[in-house]
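Please read the following report alongside the sequence and the coordinates. It takes up helix packing, domain and chain contacts, ligand surroundings and backbone details in turn.

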Amino acid sequence: MTKTADIKPYLRLERYPTIWCAGCGNGQVVGAFLRAISTLDWDPKKVVVVSGIGCSSRASGYLNFNTMHTTHGRPLPFATGIKLANPELHVVVMAGDGDTTAIGGNHFIHAARRNIGITMIVFNNGTYGMTGGQCSPMTGHACKATTAPYGNLDTPFDICKLAEAAGATFVGRGITYAPVKLESLITEALKHKGFSVIDAVTQCPTYYGRLNKMGSPADMLTWQKEHVISLEKAASLPKHVIQDKIVTGVFVKDLRPEYTTLYRRLHEQCGEDDCHD
Amino acid sequence: MNILIGGAAGQGMDTIAYLLGKALVREGYGVLTAKDYMSRVRGGHNFTKLRVESKTPFAPAEEIDILIALNEETYEIHRESVVTAGRIIFDSDMFALPEVEKRGVPVPLQTLAKEAGGKIMSNTVAVGAALSLMNTSTLQADELLREMFDEKTAAQNSAALAAGLKNVERDSCFSMPPATNTGKHLFLAGNEALGLSALASGCNFLSAYPMTPATGIMAYMAGKQDQLDIVVEQAEDEISAINMVLGASYAGARVMTCTSGGGFSLMVEGLSLAGMTETPVVIIIGMRPGPATGLPTRTEQGDLDFALHAGHGEFPRAILCATVLEDAFYRLNKAFDLAEKYQIPVLFLSDQNFGDTARSIEPYDFTNLRYNRHLVNVENLERPYLRYRYSRDGISPRALPGQFPGETVLSDSDEHDENGNIIENAVTRKNMMDKRLQKMVPLADEMDEPIIYGHDSGNILLLGWGSTYGALREAVDILQDEGLKVTLLQFTDIWPLPVAAVNKLLPQAKVSFCVENNATGQFAGLLRRETGLSTDHKVLKYDGRPFLAKEIIREVKKHV
Ligand SMILES: Cc1ncc(C[n+]2csc(CCOP(=O)(O)OP(=O)(O)O)c2C)c(N)n1
Ligand code: SF4
C-alpha cells in the first residue's frame with residue numbers, strides 16, 4: 001500500500017453500519033480486499049462477489065459489485081457456475097471457515113481440484129460467529145465453543161495444506177494484525193490465473209475470544225502478533241516449535257491450466273475434430 | 001404486568017429477562033418470556049417481552065407496563081405501546097427522554113454498575129430497578145446470583161441489584177397480581193424442554209449441525225455431557241449429521257438430530273435411507289421462515305408439507321409437533337417411542353416461537369415417560385434371525401449388531417429380502433413395500449386426538465397446530481368472555497392425522513377457521529386431503545412473527 005487507497009466507491013455506504021461487532025476482524029479483511037482490488041483497475045461491473053452464510057459472508061451486502069449471498073456452504077459451486085457460464089467475469093468468493101471447511105468442505109476441495117479461476121477468501125475466525133460460537137473445523141484442539149463446553153476433541157484443518165493437496169494453484173495465509181501483507185497477498189491471489197485461496201486469520205472477540213478468555217479485540221490481535229511466523233522463518237525451525245504458530249506467506253504458486261481455459265480448448269478442439277461421435 | 005426489555009443485540013436483554021423472570025417465578029408468579037431478535041450479533045433492535053401473572057400465561061401481551069430501554073431506539077419503537085400509567089426505565093447515562101415524556105424513570109445504569117464493581121453489571125442494576133417498580137424484594141434475585149456466580153462476582157452483582165432498587169422510588173410501584181404459584185416451578189424455554197425431554201427419554205446420541213432456531217437444543221444437550229454418558233457430536237453438515245445418527249441407531253443408540261428447514265433439506269436423502277432400512281430416528285425441525293436462508297431468527301409453520309412429503313419413494317413416518325411446554329416434553333418422548341416401536345423416522349415440528357419462549361411450569365412427571373427399546377430378546381428371537389422378517393403389522397424384529405452370537409444384522413439401501421440381501425425380483429419388492437407401509441395401520445391408532453380447549457362443541461370452531469396454541473387459547477378466552485361459544489382443536493399429532501374429533505365437530509360448527517403461521521394453509525390442505533372437510537376460513541400469518549390473540553379475534557369477528 002503506497003498511498004491510502006480510496007475504497008469508498010466500492011462500498012454501499014447506505015447499508016452501513018455493518019452488523020459486525022466492535023473489534024471484529026471481518027472489516028479488516030474486507031478493507032484489505034478492497035485496497036487490493038483498487039490497485040487492479042478492474043471494471044467493477046465485471047466483478048462478482050459470492051458469499052455463503054455467516055457473519056463474514058454478510059460482506060457481500062456492503063460491496064458495490066455484483067453480489068450474490070447464497071446458502072450456507074454453497075458459494076463455491078455457485079461461483080463455479082458463474083465462471084463457467086461467463087469466464088470474462090472476475091469471481092471472488094468470501095466465506096467463513098465454517099462455511100468453507102465444514103458444510104462446504106467438499107466443494108472447497110473440488111474447486112481446488114478443478115483449478116477454476118476463482119479467488120476464495122476464507123475469513124478464518126475459528127468459530128461460527130453468526131450462530132453463536134459453536135465449533136468449526138478450524139477450532140483448535142481443546143478450545144472452547146458452545147457445542148464444546150468441555151473443550152474441542154477434534155484437531156483443526158490446515159486450510160493451506162488442504163487447498164494445496166487438493167490442487168489449488170495459489171495458496172497464501174495472512175492475518176488481520178498485518179493488514180498490509182494481507183492486502184498484497186490478496187492482490188496476488190486476485191491476479192492469479194487458477195483457483196487461489198487466502199486463509200485470512202481473523203478475530204471473533206464476541207464468541208471465540210470470550211469463550212476462550214482471550215481478552216479484548218486488541219488482546220486478540222496481540223496474540224496474533226505473538227504467534228505469527230513467516231513461512232521463510234518457519235522453514236528452518238523444527239516442527240514442535242512452529243506447531244502452535246500461525247505461519248504466513250505464500251505456500252503455493254503454481255501454473256496449471258485454468259479450468260475454463262481447458263473448456264475453451266476442448267470446444268476449439270471439438271470444433272476441429274468433430275468429436276461428437 | 002408486562003415488561004419489555006429492548007436494546008441492540010449484545011446488550012444483554014436475555015440476562016435481564018432470565019434474572020428477572022426466574023426471580024419472579026421463585027416469588028410464586030406465573031411468568032412468560034418471548035424473544036424477538038434480529039439475525040445479527042451486534043446492533044439492530046432486539047427485545048424480550050416478559051409477562052407476569054398469578055397463573056402462568058400462555059402468550060405474551062401487547063401492551064407494556066414497564067419498558068426497560070437500554071437504548072434510545074427502544075424508546076422510539078415501543079413508547080406507544082406503553083400504557084399511560086406505565087413506566088419507562090432508561091439508561092440515563094446514555095440518553096435522555098423528551099421533556100413531554102412523563103413516564104420516564106431515569107437510572108444511570110452504567111454509573112451505578114461501575115460503582116458496584118463494573119460496567120458489565122448494568123443489566124443487574126436494571127433488574128433491581130424493575131423489581132423496585134414492582135414492589136418486589138431482591139431476595140430471590142440475590143439468591144439466583146449466588147447460584148450463578150462465584151462469591152465475589154455474586155456480591156458485586158448483588159450490590160448492583162441493590163443500587164438499582166434504591167435508585168427507583170417504591171411509591172411509584174404498580175399493583176402486582178397475587179403470587180399464587182408454589183415458587184417451585186421450572187422456568188425454561190421450549191428448546192430446553194426438548195433437550196431435557198430427549199435426555200429423559202434415554203436419547204444418548206445427538207448429532208447435529210448448528211442452525212437457528214434449533215441450535216439451543218444441541219447446546220443444551222452438549223452442556224450435559226459432564227453428567228451423562230451421551231454423545232453430542234457436531235457434524236460437518238446436516239448430511240453427515242443424519243447419517244451419523246442413522247449409523248448410531250443401527251448400532252443401538254437412541255438417537256436424535258435437530259435442525260431447521262434448510263438443514264432438513266440436506267437430510268432428506270438420509271430420511272429416505274431411514275425409511276428403506278427401517279432405522280429409528282427422531283428429527284426435530286425448528287421451523288423458521290424460508291425459502292432458503294429466509295428470516296433466520298423468526299418464526300413460521302411453513303415446513304409442514306415439506307415434512308409430510310420429504311424423501312424420495314414411499315415409506316411410513318410419523319409427524320408430531322410442539323404446542324406448549326406442558327405437552328411438548330411428553331410429546332417428544334412419544335416420538336422416541338414411536339420411532340423405535342415402528343422402526344421409522346419421526347419428525348417433530350417446532351419453531352422459533354416455541355423454541356425461544358420460556359414459561360414457568362409445574363415440574364415434569366418423569367413417571368409419565370415411556371421407555372421401551374422394542375428390541376428382540378433371547379426369548380422371542382426366531383432363528384435364523386431375519387432383520388426384515390414379514391409380520392402381520394409390518395414390524396420386523398429389530399436386533400443390534402453383535403447382540404446375538406452367530407447372528408448378523410444386514411441393512412440395505414437397495415430393495416432387499418427378509419434377511420437384508422439385495423433383490424430385484426418383483427414379488428419381493430412388492431411384499432417389502434407392503435410390509436413397510438403396513439405399519440401405518442397400527443401407527444394411526446397411536447395418534448392422539450387434538451387438544452380441545454374452550455367450549456366442548458361451540459358453534460365457532462378454531463383449528464390450529466403447534467406453537468400457535470398460546471395465542472389461540474387466549475383468543476378463545478377473550479371471545480368466550482364476550483359470550484361466544486368457541487371451541488379450539490389444537491393438533492399435537494399430525495401424521496397420520498387423527499380425524500375423529502374434527503370429523504365430529506367441524507360439520508356441526510356454524511363457522512370455522514384454520515389458523516396457521518404460513519402463507520398457503522398447509523394444515524388446511526392436509527385436513528381436506530384426509531377428511532374431505534374444509535374450514536370456512538383460513539387465518540394465515542407469514543410475516544415471520546407469531547400470532548397475537550387480537551389478530552385472531554379480529555378475523556373471527558369479521559365472520560360472526
Ligand atoms: C444448511 C444450513 N445449516 C446451518 C445454517 C446455520 N448457519 C448459518 S451461519 C453458520 C456458521 C457460520 O460460521 P462461519 O461460516 O465460520 O462464519 P462466521 O459467522 O464465523 O463468519 C451456520 C451454522 C444454515 N444457514 N444453513
Ligand atoms: S460474532 Fe464474531 S464474527 Fe460475528 S460479527 Fe461479532 S465478532 Fe465478528
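## A helix pair in chain B

Which residues in α7(B) meet residues in α12(B)? On the α7(B) side they are B:G190, B:A193, B:L194, B:L196, B:S197 and B:A198, and they meet B:L325, B:A328, B:F329, B:L332 and B:N333 in α12(B), where two residues are in contact if their C-beta atoms, placed from the backbone, lie within 7 Å. By class, this contact has eight nonpolar, three polar and no charged residues; Ala, Val, Leu, Ile, Met, Phe, Trp, Tyr, Cys and Pro count as nonpolar, Asp, Glu, Lys and Arg as charged, and the others, Gly among them, as polar.

The axes of α7 (residues 190–200) and α12 (residues 325–342) of chain B come within 8 Å and cross at roughly 35 degrees, the axes being lines fitted to C-alpha atoms over the stretch in contact, with angles from 0 to 180 degrees between N-to-C directions. Helices (H or I, at least four residues) and strands (E, at least two) are DSSP runs numbered from the N terminus.

## Basis and confidence

This is a predicted model, in which local features need pLDDT of at least 70 and side-chain atom pairs count only at pLDDT 80 or more, while totals for chains, interfaces and linings use all residues. Residues are numbered from 1 along each chain as its sequence is written, and chains are lettered from A and ligands numbered from 1 in the order in which they are written.

The model scores ipTM 0.93 and pTM 0.96. The mean pLDDT of chain B, pLDDT being the predictor's confidence in each residue from 0 to 100, is 96, and 100% of the residues of chain B reach 70 or more.

## Domains and chain contact

An automatic or database domain assignment divides chain B into domain 1 (2–172), domain 2 (187–368), domain 3 (375–446) and domain 4 (451–557). The C-alpha centres of domain 2 and domain 4 of chain B lie 25 Å apart, and their contact takes 24 residues from domain 2 and 21 residues from domain 4. On the domain 2 side, the largest share, four residues, comes from β12(B), and that side has twelve nonpolar, five polar and seven charged residues.

Between the chains, 21 residues of chain B are in contact with 23 residues of chain A. Helix α8 (residues 215–222) of chain B gives the most to the chain B side, with four residues.

## Ligand surroundings

Ligand 1 lies between chains A and B and is surrounded by 25 residues, the closest being A:G54, A:S56, A:G96, A:G98 and A:G129; a residue is near a molecule if its C-beta atom, placed from the backbone, lies within 6 Å of it. The shell around ligand 1 has nine nonpolar, 13 polar and three charged residues.

Ligand 2 also lies between chains A and B, with 13 residues around it, of which the closest are A:C21, A:C24, A:C55, A:G129 and A:C204. The shell around ligand 2 divides into eight nonpolar, four polar and one charged, and its largest share, three residues, comes from helix α7 (residues 205–211) of chain A.

## Backbone details

Most residues other than glycine have a negative phi, and most peptide bonds are trans. The peptide bond from B:T212 to B:P213 is cis, with omega near 5 degrees, and B:P213 lies in the loop between β8 (205–208) and α8 of chain B. Another cis peptide bond joins B:G290 and B:P291, with omega about -5 degrees. A:K213, although not a glycine, has a positive phi of about 50 degrees.
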